[in-house]
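Welcome! Here is a short tour for someone meeting this structure for the first time. Take a look at the picture below, then read on.

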Amino acid sequence: MTRPRRTRIPVETLLNAARNAAERLTQLSRDPEVRREAANVAQAVTRLLAAIRRSGQGPTPPR
């Protein structure tokens with residue numbers, strides 16, 4: 001008997017799910033600290049996704 005193959009989830013899909021969860025927490029949590037930190041996480045994941053997308057476009061110009 002063979003083992004079933006593990007499902008591979010693309011990084012972008014996984015990060016989008018994490019960002020969506022953090023955004024929901026900013027709306028649903030009653031604790032202001034939780035809302036603030038969830039917003040920080042959502043922003044950080046958004047920046048990470050943008051960096052990943054840019055990295056696939058070839059070399060970036062120096063800053």
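## A residue to start with

Is I52 buried, partly exposed or exposed? With a relative accessible area of 36%, I52 is partly exposed, because that value falls between the 20% and 50% cut-offs. Its place is in helix α2. Please keep in mind that this is a predicted model.

## The overall picture

The protein chain has 2 helices and 0 strands. Of its 63 residues, 14% count as buried. Its accessible surface comes to about 5,900 Å², and carbon and sulfur atoms account for 54% of that.

## Helix α2, end to end

Helix α2 takes in residues 32-55, which is 24 residues. Does its length fit expectation or depart from it? At 1.5 Å a residue the helix should span 34 Å, and its end C-alpha atoms lie 35 Å apart, so the two values agree. At the start of α2, a side-chain oxygen of D31 comes to within 2.9 Å of the backbone nitrogen of E33.

Which residues of α2 are buried? They are A38, A42, V45 and L49. Part of the cover over the buried residues of α2 is α1, residues 11-28.

A17 lies in helix α1, and V45 is one of the buried residues of α2. A17 and V45 are 28 residues apart in sequence, while their C-alpha atoms are 10.0 Å apart in space. A17 counts as partly exposed because its relative accessibility is 44%.

## A salt bridge between helices

How many salt bridges does the structure hold? There is 1, and in it the side chains of E12 and R53 meet at 2.7 Å, N to O. The pair links distant parts of the chain, with E12 in helix α1 and R53 in helix α2, 41 residues apart.

Note on methods. Residues numbered from 1 in each chain as written. Predicted model: local features only at pLDDT ≥ 70, side-chain atom pairs only at ≥ 80, totals over all residues. Heavy atoms only, no water. Helix = DSSP H or I, 4+ residues; strand = E, 2+ residues; numbered from the N terminus. Expected span 1.5 Å × (residues − 1). Buried < 20%, exposed > 50% of the residue type's maximum accessible area, 1.4 Å probe, protein only. Contact = heavy atoms within 4.5 Å. Polar contact = N/O pair within 3.5 Å; in protein donor to acceptor, adjacent residues only side chain to side chain. Salt bridge = Lys/Arg side-chain N within 4 Å of Asp/Glu carboxyl O. Areas by Shrake-Rupley, 256 points an atom, 1.4 Å probe, with all protein chains shown as cover.
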